[in-house]
Amino acid sequence: MITTRSTALLGGILAGLSSSSIAETKPAPVFGDHMVLQRDMPVPVWGISAPGEEVSVRFRDQSKTTKAGPDGKWLVKLEPLKAGGPDDMQIGATKLTDVLVGEVWIGSGQSNMGVGAAGAAKNDPVLAKIAEGNYPTIRMASAKGKWRAATSNNTLAFSALPLAFAVRLQESIQVPVGMVLGSVGGTSTEFWLTPDQLKADPACRAAMDHYAKEILPGLKERHAKEVAKWEQSPASSKPETRPAPPAEPGATKMPNHIVGKL
């Protein structure tokens, strides 16, 4: 799944920053050299500092100032930016170089979203041709937030699907493109889709209907028996956790910490 307008989404994905033992101003990991910022919309910039410390962010002709909260977290919003660059960004004492403005997209999903171009290109002549190219204004951020350009000496190290998508997108819109990779192997498809998206897909809707009519009633019956047995168990041997109910159609039991890995 590849989604756009991701600068706003990144605020939720990467906002869980700890301010313990932090004295100097530090931007969130996603802000770094060679990054791409989303064009034509307010751009949030956030990080951590000492509680109450004044933080300044300067980019192009804009200068924004705020104060870190009691927990050390701070956030400013730059006014909408026009595509272009490169420019430098100053965050406190930290200088970020080679910053572009264009389109920022998130490539999220299972392990296939993270498959490397080097391996995939062996059996895909179209991708192999793309990987031979030099795309200095296409950038990709790793799970740790480190950005790099898709230059000819490292395109094969990029994830295959985001690379191919970014190349075709840039051919169409002619602005810098940033890809943020968020792939987590072993996750269920439902985890990456909204309820409306699931219902809109005929195959997914049919699978959910089958589960609701043919499978869920039996699971609920078994769950009721497990709960009754749990309630009647002696206190000395009773498990601490009450048996969990079965998932509803389209729901997922994947843990929330997966989002934090993006």
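1. A nonpolar core here is a set of buried Ala, Val, Leu, Ile, Met, Phe, Trp, Tyr and Cys residues joined through side-chain atoms within 4.5 Å, where buried means under 20% relative accessible area with a 1.4 Å probe, protein chains only. The model is predicted, with local features needing pLDDT of at least 70, side-chain atom pairs counting only at pLDDT 80 or more, and totals for chains, interfaces and linings using all residues. Residues are numbered from 1 along each chain as its sequence is written, and side-chain values use heavy atoms, without hydrogens and water.

2. The largest nonpolar core holds 28 residues, and Phe31, Leu37, Val45 and Met89 have the most contacts inside it. Strands that each supply at least two of its residues include E3 (36-38), E4 (43-48) and E9 (94-109); strands are DSSP runs of E, at least two residues, and helices are runs of H or I, at least four, numbered from the N terminus. E9 gives the most, six residues.

3. Phe31 touches Leu37, Pro44, Val45, Trp46 and Leu96, leaving aside residues up to four places away in sequence; contact means heavy atoms within 4.5 Å. Another core, of 18 residues, lies apart and includes Leu127, Tyr135, Val167 and Met179.

4. Among the buried residues of helix H4 are Leu163, Val167 and Leu169. The buried residues of H4 pack against several elements, including E9, helix H3 (125-131) and strand E12 (177-183). Gln174, which follows H4, has a positive phi, near 55 degrees.

5. In helix H6, the buried residues are Met208, Tyr211, Leu216, His223, Val227 and Trp230. The buried residues of H6 pack against helix H5 (195-200).

Conventions
Buried < 20%, exposed > 50% of the residue type's maximum accessible area, 1.4 Å probe, protein only.
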